Amino acid sequence: MSDVTGYKITGMSCAACQAHVEKAVSGVEGVTKCEVSLLTNSMKVEGSAGPEEIIRAVEKAGYGAEVSGAGNGASVSEDELKDTETPAMLRRLISSVIMLLVLMYFSMGVMMFDRPVPAGITHAHVVLIEAVLSGIILIINRKFFISGTKAVIHKAPNMDTLVAMGAGVSYIYSLVTVVRIFNTCAQDAMQLMMNELYFESAAMIVTLITVGKTLESYSKGRTTDALKSLMKLAPKSATVIRDGNETEVPVEEVKVGDTYVIKPGENIPVDGIVISGSSAVNESALTGESIPVDKQPGDKVSAACTNLNGFMTCRAERVGEDTTLSEIIRMVKDASSTKAPIARIADKVSGIFVPSVMGIALIVFIIWIILGAGIPYALTRAITVLVVSCPCALGLATPVAIMVGNGVGAKNGILFKTSASLEEAGRSRIAVLDKTGTLTKGEPVVTDVIPAPGVPEDLLLRTAYSLETKSEHPLAKAVVSYASEKNLESEEAADMHIHPGNGLSARIGGTEVNGGNERFISGKCILSDEMKKISEKLSSEGKTPLYFSKEDKLLGLIAVSDVLKEDSVKAISELKSLGLRTVMLTGDNELTAGAIGNQAGVDEIVSGVLPSGKESVIKSLHKYGKVLMVGDGINDAPALTTADTGMAIGAGTDVAIDAGDVVLMKSSLSDVCAALRLSRKTLTVIHQNLFWAFIYNLILIPVAAGAFTGIGLQMSPMFGAAAMSLSSFTVCMNALRLNLFKPYDSSRDRAPGDFDRERKLLDNEEKSLTDSPREAEMTKTINIEGMMCTHCEASVKKALEALDGVSSAEVSHEKGTAVVTLSSELADDVLKKAVEDRDYKVTGIE
């Protein structure tokens with residue numbers, strides 16, 4: 001497998017530099033992939049080539065490089081994110097502006113407006129002063145000339161080359177004019193002074209470009225604000241217990257297994273598990289969820305979260321670079337350093353942009369000479385073409401938007417693993433959703449309590465609570481949890497007997513009580529037709545009814561089900577508003593799946609599907625458009641990988657990073673909609689940036705060349721430099737607008753035109769999207785006794801599908817059957833043993 005190594009690149013100033021570094025490194029033997037980011041001045045290289053070869057290739061191209069390790073998953077340091085460029089640029093700018101003001105006084109004030117000068121200083125002296133002041137400003141901004149010259153030597157001219165040529169030619173031509181001034185008559189000398197000196201233009205060009213680069217540097221620094229704010233949340237020290245005493249140590253010294261304490265108001269130093277104590281913890285730093293989460297012994301806590309009110313003792317589980325916070329920071333940083341597919345067109349243009357502009361400037365100069373405009377005018381037009389052209393805006397158009405978009409996502413618990421995933425998510429046409437843990441809570445809860453006529457609800461609940469307390473069945477736990485929330489007290493149950501697949505019985509206070517399915521309880525007491533109808537209705541809704549009796553009297557029934565999350569229905573509605581067709585995938589039987597799917601409001605329901613079957617469904621949907629798969633990131637891994645965009649929802653502190661393209665830290669389906677909105681908004685900003693970068697050059701280069709002189713539209717080199725400075729700054733500031741975007745605001749949701757048309761076509765399909773002809777397969781029906789709920793179904797289904805040769809198993813506790821689809825011959829004894837090993841009885845196989 002190829003290694004991925006990160007490098008810090010120095011000396012890049014524009015998109016042309018980025019393209020040249022990328023080309024140089026891609027040519028090294030053993031390099032399979034190379035991505036260079038102008039925004040972060042970083043490079044990721046994949047392949048077998050060693051660091052020495054890579055660095056040598058970069059240096060040969062005229063730039064500097066050093067291994068940063070970011071590509072291998074190393075942590076991101078605060079020093080790496082610190083903005084050191086802006087202060088240096090600001091110092092350069094201040095020095096340039098001070099000198100420029102003095103220069104402008106002499107060139108404009110004295111020469112044009114006859115402002116006073118010290119006695120004895122003539123116009124000839126003023127010209128020399130202009131030459132010196134202008135030269136000083138060029139020296140202050142010598143980086144343009146050094147970088148530009150190096151780039152030419154390495155046959156890869158960049159933006160600095162254009163600036164250096166524009167300012168350098170202006171200055172040199174002015175020096176030649178000075179020589180002519182001192183070797184001509186006074187009248188001609190004055191004419192030359194007024195019309196053929198460009199000292200202030202040379203100085204103004206580099207100063208204005210420095211203004212733009214300073215603003216650009218500042219706005220680029222702002223793009224990492226989200227990461228910086230996350231890093232500031234991590235405490236610098238931790239209070240650990242060593243030798244029975246509390247000791248404060250740097251957080252870097254905390255080791256796995258150490259016991260540490262967290263006091264009210266403190267930030268948690270490392271990921272751990274609560275040993276003792278309880279508190280409410282604000283996890284908004286990681287998940288974006290502002291509602292505090294209660295923590296008890298056994299619960300996990302994460303670094304950077306805030307302990308609000310209690311005192312807790314925890315055991316360190318993940319420290320240093322392994323904490324959830326470090327992984328989030330690393331993911332956002334790595335995603336920002338990868339290249340989005342949409343950036344490729346800008347990269348191609350950037351690679352040939354500067355040589356093309358130099359060629360255009362030369363052609364413009366020659367044309368104006370041929371037209372008889374004279375050297376000064378032709379030179380002005382050529383210089384203006386050089387300084388107005390801006391490859392930087394092209395290079396920054398995509399990465400600045402990606403960086404800010406990733407930062408906004410991270411603040412809301414939405415982590416895009418790559419730039420491509422941020423770009424592609426919003427283009428999804430079909431949203432495929434796993435049921436358990438995605439649409440539903442993933443654990444059974446009590447949904448209905450129906451006392452029999454004349455029976456108090458408290459009596460039914462207390463009896464059920466007392467009976468189920470000692471049971472380990474998932475349905476029993478749901479009843480116990482519900483009764484505990486009601487603050488009910490349980491009584492001691494004696495002589496408890498479990499009747500597999502039916503229920504359980506015991507004696508409470510000397511009285512026999514029973515709980516279980518309809519078949520079991522009907523043997524203990526009389527069930528009214530009304531209660532049976534209620535039970536059938538609940539079953540049709542995908543719920544499991546549990547009956548309870550006392551002696552020979554029915555107490556009532558309690559329905560248990562895996563219910564929808566609070567925001568699922570709203571999220572499905574929002575997905576439809578965004579133009580996506582929704583499909584629910586589940587391994588559950590058709591009845592349960594249909595009940596949940598209909599409640600959620602999905603367009604299509606696919607039930608009884610294995611993990612490998614989910615992958616096949618995703619493949620079949622690709623012909624209708626880009627597919628988004630949302631699952632828990634673990635058992636849905638094959639489907640998440642197959643989909644165009646895979647979202648691992650509810651990853652929480654486990655961070656199932658390898659499962660999907662996008663990791664959603666919370667278990668909220670609304671985050672899926674938020675991720676799609678953020679993706680679309682980021683893509684819109686990228687399109688705006690690219691449009692601006694291209695249209696700016698398409699319009700201003702002809703203006704600079706003098707193409708519109710006939711209608712009185714001309715541009716001076718100084719205006720060209722100012723326009724060039726603002727272009728990159730405009731692109732960066734437009735991207736920073738993403739910080740104001742509200743990803744959870746659904747008020748502006750709409751389906752793009754092509755999405756809307758495609759969705760209507762899909763809605764008008766006579767057959768299901770997932771309908772496809774299947775090869776003839778062998779099926780067997782197993783008759784089973786003892787199943788009483790969907791969890792029993794799941795247990796049998798899992799046992800059967802674990803067998804080699806079983807493609808799928810449709811299990812129904814109501815019918816008492818398991819329909820097994822076989823991909824190869826399998827003996828009945830093998831099927832029977834798999835079921836009976838789970839404590840159910842097989843009565844026959846057909």
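These legends describe close-up views of salt bridges and nonpolar cores in a predicted model. Residues are numbered from 1 along each chain as its sequence is written, and side-chain values use heavy atoms, with hydrogens and water left out. Local features need pLDDT of at least 70 and side-chain atom pairs count only at pLDDT 80 or more, while totals for chains, interfaces and linings use all residues.

**Figure 1. Arg315 and Glu317 form a salt bridge.** A salt bridge here is a side-chain nitrogen of Lys or Arg within 4 Å of a carboxyl oxygen of Asp or Glu. By this rule the model has 24 salt bridges. In this one, N and O lie 3.4 Å apart. Glu317 is partly exposed at 35% relative accessibility. Arg315 is also partly exposed, at 34%. Buried means under 20% relative accessible area, exposed means over 50%, and partly exposed falls in between (1.4 Å probe, protein chains only).

**Figure 2. Glu566 pairs with Lys441 in a salt bridge.** The closest N and O atoms are 3.1 Å apart. The pair links distant parts of the chain, 125 residues apart. Lys441 sits in strand β16 (residues 440-451). Glu566 sits in the loop between β21 (553-564) and α22 (568-577). Helices (H or I, at least four residues) and strands (E, at least two) are DSSP runs, numbered from the N terminus. Glu566 is exposed, with a relative accessible area of 67%. Lys441 is partly exposed, at 38%.

**Figure 3. Arg677 and Asp749 meet in a buried salt bridge.** The N to O distance is 2.7 Å. Arg677 lies in helix α26 (residues 670-705), and Asp749 in the loop between α27 (717-736) and α28 (753-763), so the pair ties together parts 72 residues apart in sequence. Relative accessibility is 6% for Arg677. For Asp749 the value is 18%.

**Figure 4. Glu423, Glu424, Arg427 and Lys626 belong to one network.** Salt bridges with shared partners join these residues.

**Figure 5. Met43 and Met647 touch the most other members of the largest nonpolar core.** A nonpolar core is a set of buried Ala, Val, Leu, Ile, Met, Phe, Trp, Tyr and Cys residues joined through side-chain atoms within 4.5 Å. This core has 133 residues. Helix α26 gives the most to the core, with 17 residues. Leaving aside neighbours within four places in sequence, Met43 has contacts (heavy atoms within 4.5 Å) that include Tyr7, Ile9, Val21, Cys34 and Ile54.

**Figure 6. A second, separate core holds 56 residues.** Among them are Leu461, Ala559, Met788 and Val820.
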